[in-house]
Every structure is written in C-alpha cells, then in structure tokens.
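Me: I'd like to talk through this structure before I set anything up. Could you take my questions as they come?

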Amino acid sequence: MLKYIIRRLLQMIPVVLGATFILFCLVFALPGDPTAGRCGERPCPPAYVAAFRAEYHLDDPLLVQYALYLGKLLRGDLGTNFYDNTVVSELAARYPTTVKLAVIALLVEIIVGIIAGVIAGVTHGRFLDYLILVSSLVIISIPTFVIGSLAQLTFGLKLHWFPVTSGDGSWGQLLLPGFVLGSLSVAYVARLTRSNLIENQRADYVRTAKAKGLSGFRTVTVHTLRNSLIPVITYIGYDFGSLMGGAIVTERIFNINGIGNFIFRSINQRDGVSVVGAVTCLVLVYLLANLLVDLLYGVLDPRISHD
C-alpha cells in the first residue's frame, strides 16, 4: 500500500507541471492591460507602468516567466498578486468557505443521490423508478445559475427559509448554496446508482443469496449495493474536485467570498498570478481526491489490490 501511494504521488508531479504550464500559457495570453483602472479614471504614468511590468516580469518571455513561477512554487510560494497580497494569504482566507460549501454539496450528493438511486433500482419499472428518472433528467437539463436563482427567489425572498446571501460563510448560511451546487451531481449519482444496482441484481451471487432465503433488504444492502457503489464512489471522488472549482457560478449568485468568486474577480482584473495560484491548488485537490478514491476501492471490494 505504501509503495502504491508513493508511486501515485510521484505520478502527480508531471501532471501538476503540465497543468500549471498550460494554465500559465492560457492565463497570460489573455488580452488586456493589468494596470488598467489602477490609477482611477486617468491612465497610469509610463514610469509606473514600466515599474509594474518589471516587478512582475510581464515583459519577459513566457518560458522565463513560467520558470520563475515554478521556482517559487517548488518553495511553496504561489506568488504575490497585482495588489501586493500573497496568493497564499488570499486563498487561506477563502478556502474554508469553499471547503464548507463543497462538503455540504458532497453530503447532499451522497445521501440524496444514493438513496434515490437505490429506491429507483429496487422499484425498477414502477412508478417511483420513473418519477426519479424524470426528476433527475429535469435537474440535469436546467443550468446551475437557473436553479440557484430560483432557489434564491423561492426559499430566500418568498419563504424566508434561508438567507439570500452567504454573509459570514457559516454552515447555516451555506446550506442553500450547497444544495444548489450539489443538485446536478445528485441527479447523476442517482442514475448511476440505479443502473449499477439493476445490473448487479442479475448477477449469479445475488440469485444465490436469494435462494438461500435472504430477505430482499439484506440482499440489497449487504451484497448488491456494495458492488454497485464502486463506480459511484469513483464519480463522487472526481466530483469533489469539480465542486471545489465549479463553485464559481454558485458563489457569484449567493455572493460567497470563496475560491470561485476569487478566481472570477481575478480573471476580470487580469490578475494572472492569483488565477494560476488558485487553480494550481484546485488541481492538487483534484489529484489527491482521485488518490483517495483509488484507496477506497480496496475497502469496497477486497479483490482489488494496490500491490
């Protein structure tokens, strides 16, 4: 197991290097002047612009800029943004909020999605199965910003069940945004659980368990569901990284001071250092989540070995 973890961590190095290089090229190829608007309505003096571009090496070739950034990254330094704040401090102030939001969305995804998928799989071909299928299809068809706006209008403004905005980012104020963020994933998890459960119910070991006199509940919970959850866990693990980075729309709707909102503002302000640093952290989270999922395979199915 230890050798497998070390091997996977070493495999992450070229992935991180490739991802950061592509991201660096894309971000710093964006049109626009990062000094625009920094001196009010008037254009910045040429001396200020020259000093600014020299400080952040904006006139150096792209490969030189990337090499300088990579040297800082290897020391754990994500750089200093265009407002003289370290990217690490900016992320540290916002990461707890985004993690809370992602955890709420993940819990909604796991609890509601798996339960709905099990109900649909057990009642295959009946009313509840069709109801869950149609409901999940409707959710998948609606964009996140529409679901968020409707939830904000209905549960925030009309019913007053939840605050309209996140405020200080406490758990209670992030419940509604978490449900919105996890809604699309709930639909996918439900459909994935259902399809795998139906497929495994036709397996020989399930027929053997029923022939031995096991109840339908025990057959599903002990035998069928465990094997059906392997692809579901794969999707959930991959989705955690997506939830961390895909919260941009949700954070904008509910005015949440998180990583997604920070990336959005940084792109608008042409603050490439902040964008690259924030997305690099999201890449690391995504890779570590994938590693955790692979380790969970052995827990769900002892036949899977990491040796």
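Me: How many residues does α6 have, and how far does α6 reach from its first C-alpha to its last?
Reply: In this predicted model, α6 has 15 residues and spans 20 Å between its first and last C-alpha, which is close to the 21 Å expected at 1.5 Å a residue.

Me: And which residues of α6 are buried?
Reply: The buried ones are I147, G148, A151, Q152 and G156, and what covers them includes α5 (127–141), α7 and α10 (248–253).

Me: Why would residues three or four places apart point the same way?
Reply: An α-helix has 3.6 residues a turn, so positions three or four apart point the same way.

Me: OK, α7 then. At what angle do the axes of α6 and α7 cross?
Reply: The two axes cross at roughly 150° and come within 9 Å. Since angles over 145 degrees count as roughly antiparallel, α6 and α7 are therefore roughly antiparallel to each other. The crossing of α6 and α7 is right-handed, and the contact is made by T144, I147, G148, A151, Q152 and F155 on the α6 side, with L176, V180 and S183 on the α7 side.

Me: What follows α6?
Reply: H160 follows α6, and H160 sits in the loop between α6 and α7. The phi of H160 is near 60°, a positive value in a residue other than glycine. Most residues other than glycine have a negative phi.

Me: Is H160 buried or exposed?
Reply: H160 counts as exposed, because its relative accessibility is 62% and the cut-off for exposed is over 50%.

Me: What about N255, where is that and what is its phi?
Reply: N255 is in the loop between α10 and α11, and its phi, near 55°, is likewise positive in a residue other than glycine. N255 is exposed, with a relative accessible area of 52%.

Me: Switching to N81: where does N81 lie, and is N81 buried or exposed?
Reply: N81 lies in the loop between α3 and α4 and is buried, with a relative accessible area of 3%. Leaving aside residues up to four places away in sequence, N81 touches Y56, V87, E90, D271, V273 and S274.

Me: What does L78 touch?
Reply: Not counting residues up to four places away in sequence, L78 touches Y69, L73, V87, V88, L91, V273, G277 and C281. Of these, V87 and V273 are also touched by N81.

Me: Last topic, the whole chain. How many helices and strands are there?
Reply: The secondary structure comes to 12 helices and zero strands. The C-alpha atoms fill a box of roughly 85 × 55 × 30 Å along the principal axes, and buried residues make up 42% of the 307 residues.

Me: And what share of the contacts joins residues at least 24 apart?
Reply: Among contacts between residues at least 6 apart in sequence, that share is 75%.

How values were computed:
Residues numbered from 1 in each chain as written. Predicted model: local features only at pLDDT ≥ 70, side-chain atom pairs only at ≥ 80, totals over all residues. Heavy atoms only, no water. Contact = heavy atoms within 4.5 Å. Helix = DSSP H or I, 4+ residues; strand = E, 2+ residues; numbered from the N terminus. Expected span 1.5 Å × (residues − 1). Buried < 20%, exposed > 50% of the residue type's maximum accessible area, 1.4 Å probe, protein only. Axes fitted to C-alpha atoms, helices over the stretch in contact; angles between N-to-C directions. Parallel < 35°, antiparallel > 145°, perpendicular 65-115°, else oblique. Left-handed = near helix turned anticlockwise from the far one by under 90°.
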